[in-house]
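Subject: Model for you to look at

Hello,

Here is the model I said I would pass on. Please open it alongside the notes that follow.

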Amino acid sequence: MIDTLVFLIFAGLTLAGAVAAALLRNLVHCALSLTVTFAGLALLYLSLGAQFVGFTQVLVYIGAVAILVVFAILLTRGSGALPGNLVTTSAWRIGWVAAVAVGFVLVAALQHAPFAQSAAAAPAVSVQQIGQALMGPFVLPLEIVGVLLTVALIGAVIVAMPERQGEDQ
Amino acid sequence: MSPNPAWSRTLDQIFVLLQHRIADLFPPLLQPWVAMILGVVGIVAVFPAIFALTTVLERKGLGRMQNRLGPNRVGPFGILQPIADAIKSLTKEDIVPRSADAVVHYLAPVVLVVAIFLGYAVLPVGRNMQLLNIDAGILFFFAIGASTELSIFMAGWSSRNKYSLLGAMRAVAQMISYEVPLLLSAVVAIMMTGSLNPSRIVEAQGGFTGILPHWYVFTPWGFAGFVLFVIAALAETNRSPFDLPEGESELVAGYFTEYSGFKFALFFLGEYLGMMSIAGYGITLFLGGWGAPLSVLAFLPSWLWFFGKLFLAIFFFIWLRGTLPRLRQDQLMNFAWKFMLPMSLLDLFVAALWRFLGEWLGAGLGTEVVRWLVCGLLLAVTYVLFARVMLKRQKISPRSYRYAE
């Protein structure tokens, strides 16, 4: 009973954030609403008992991705409100068609999906187990991801470095 | 170590016992909720009270360091100044600029204070005195800490003021840059304990050799990690010498320039609570948490030690603010990425070396000596060489403004 109530509140929060992110006029408002969605997802993970995923969601999405989105918006001069009456332009009509089509496909897929009637007991995965798995059997993928991120970091630094005069030609 | 007498154990657990006693007055179904609410009330009452005390201590302390008196009109020695300040900020007019984004402007201080209060949920302030004992406690704290950046951006952006926006941009850039060394320096303590649970980290530092404690700060890697953590924590809380986001001489008050009345007080509260919580986690990770500093003093209650250490940390922050000049933006960034980051990575390596040297050589006095020599020398030599090279390569010339001219 309480679980369902909690789920409904969190799901409502997530959906409200997503809808606001799609409909609001001001891009920064959209980014902040998207952050509400991220927070709602984190709360859903936590209510499912997935502590590690929930906290990582907060750390990565609210702490980093949202900030990145906001910075990108400010750098592109798009932070002001957009002109009104966007819902009837031709791009939006195509968007509506695509949305309805995707909706049909999703509903059809859901209707034919074989859902287990009574959910089996969810496996309890502790943070410690995740850590041991990452350091044990999955240590190679972890290190490859680390190398990839380092390469991306170095690439970003090279892009941001000031070009010295006289080196261009 | 001899077990403590009964009165000492009772005194140690007095708040826990009180919580249970009050919860027992309610029907069994409600008891967990009542206990939880009592814990929350404790946090929400105690830390703002310390904040009020800190404001007056800071003004008195800074006054003393700058050879002036500080507040001395309200109450004996000005000790009632925070009450006057609270009444003033509660009754002041709340001004919102006409062009400001009203909703975001209103939400920013609320989000900031809520996020910072959440960080206290997993902080162990004494033996068995932790609101939520969860495995990923340290991860929780860092995740919550990262989300305060967004509220600072909200405040700066919604004010529609160039000083606010500049201050917010500086704050966010600074917090993101210093979050990396902050996390990496904390990882050392987590790695040696093998747990992300704050209580486990405190317990791992609980033993004594002779009368000296096993705090992580008393090891080469722990000392280096602690110093890096303190520097990064200062930057993360925008304290002097890293107070560029609110540098009065440059940006009025940075991201909260356009706030007045109680919202301004909320930012002030958030800043000090953030400082205290990060100091609390520093104490937990490196200074033995609620453990006594000498085995002969272990009869004193654990919460007394925690809050004693907290006040020492606050005094240290005030002292630094009275002593150090403010950094420049380019110095700040260079310091984070070219010094803090490599040093914290080296510290991680040294901590791993410490651990494996212990495993390879076996326990004994010889192992300890070898470990101390190898790890200490590695850190000290690298630090000296690094500092020399950085100083030599530093070009001292008038600053060029690439985009501002």
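A residue is called buried here if 20 or more other C-beta atoms lie within 10 Å of its own, exposed if 12 or fewer, and partly exposed in between. On that count, buried residues make up 16% of the 169 residues in chain A. Please keep in mind that this is a predicted model.

Confidence

For the complex, the predictor gives an ipTM of 0.77 and a pTM of 0.84. The average pLDDT of chain B is 83, and 96% of its residues score at least 70. Within chain B, confidence is highest in helix H9 (residues 220-236), at 89, and lowest in helix H10 (residues 248-251), at a mean of 70.

Chain A

Chain A has six helices and zero strands, so its pattern along the sequence reads α-α-α-α-α-α. An assignment divides the chain into domain 1 (1-81) and domain 2 (126-161). The C-alpha centres of these two domains of chain A lie 24 Å apart. Of the contacts in chain A between residues at least 6 apart in sequence, 55% join residues at least 24 apart.

One pair shows such a separation in sequence: Gln128(A) and Phe52(A) are 76 residues apart along the chain, yet their C-alpha atoms are 9.4 Å apart in space. Gln128(A) belongs to helix H5 of chain A. Gln128(A) counts as partly exposed because it has 15 C-beta neighbours inside 10 Å.

Contact between the chains

Chain A puts 16 residues into the contact and chain B puts in 19. On the chain A side, helix H2 (27-47), helix H3 (51-75) and helix H5 (127-135) each supply at least two residues. H3(A) gives the largest share of that side, ten residues. By class, the side of chain A that touches chain B has eleven nonpolar residues, five polar and no charged.

Helix packing in chain B

H6(B) and H7(B) pack with their axes 8 Å apart, at an angle of about 175 degrees. Angles over 145 degrees count as roughly antiparallel, and H6(B) and H7(B) are therefore roughly antiparallel to each other. Residues of H6(B) in this contact include Ile138(B), Phe142(B), Phe153(B) and Trp157(B). From H7(B), the contributors include Leu165(B), Val172(B), Met175(B) and Ile190(B). The contact of H6(B) with H7(B) has 16 nonpolar, three polar and two charged residues.

Backbone points to check

Most residues other than glycine have a negative phi. Two residues of chain B are worth a look on that account.

Arg160(B), which is not a glycine, has a positive phi near 55 degrees. Arg160(B) lies in the loop between helix H6 (137-158) and helix H7 (162-193) of chain B, the pair of helices described above. Is Arg160(B) exposed, partly exposed or buried? Arg160(B) counts as partly exposed, because 15 C-beta neighbours fall inside 10 Å.

Asn67(B) also has a positive phi, of about 60 degrees, although it is not a glycine. Asn67(B) sits in the loop between helix H3 (31-65) and helix H4 (81-91) of chain B. Asn67(B) is exposed, because it has 6 other C-beta atoms within 10 Å.

Regards

Methods. Residues are numbered from 1 along each chain as its sequence is written. Chains are lettered from A and ligands numbered from 1 in the order in which they are written. This is a predicted model: local features need pLDDT of at least 70, side-chain atom pairs count only at pLDDT 80 or more; totals for chains, interfaces and linings use all residues. Two residues are in contact if their C-beta atoms, placed from the backbone, lie within 7 Å. Helices (H or I, at least four residues) and strands (E, at least two) are DSSP runs, numbered from the N terminus. Ala, Val, Leu, Ile, Met, Phe, Trp, Tyr, Cys and Pro count as nonpolar, Asp, Glu, Lys and Arg as charged, and the others, Gly among them, as polar. Domain bounds come from an automatic or database domain assignment. Axes are lines fitted to C-alpha atoms, for helices over the stretch in contact, and angles run from 0 to 180 degrees between N-to-C directions. Angles under 35 degrees count as roughly parallel, over 145 as roughly antiparallel, 65 to 115 as roughly perpendicular and the rest as oblique. pLDDT is the predictor's confidence in each residue, from 0 to 100.
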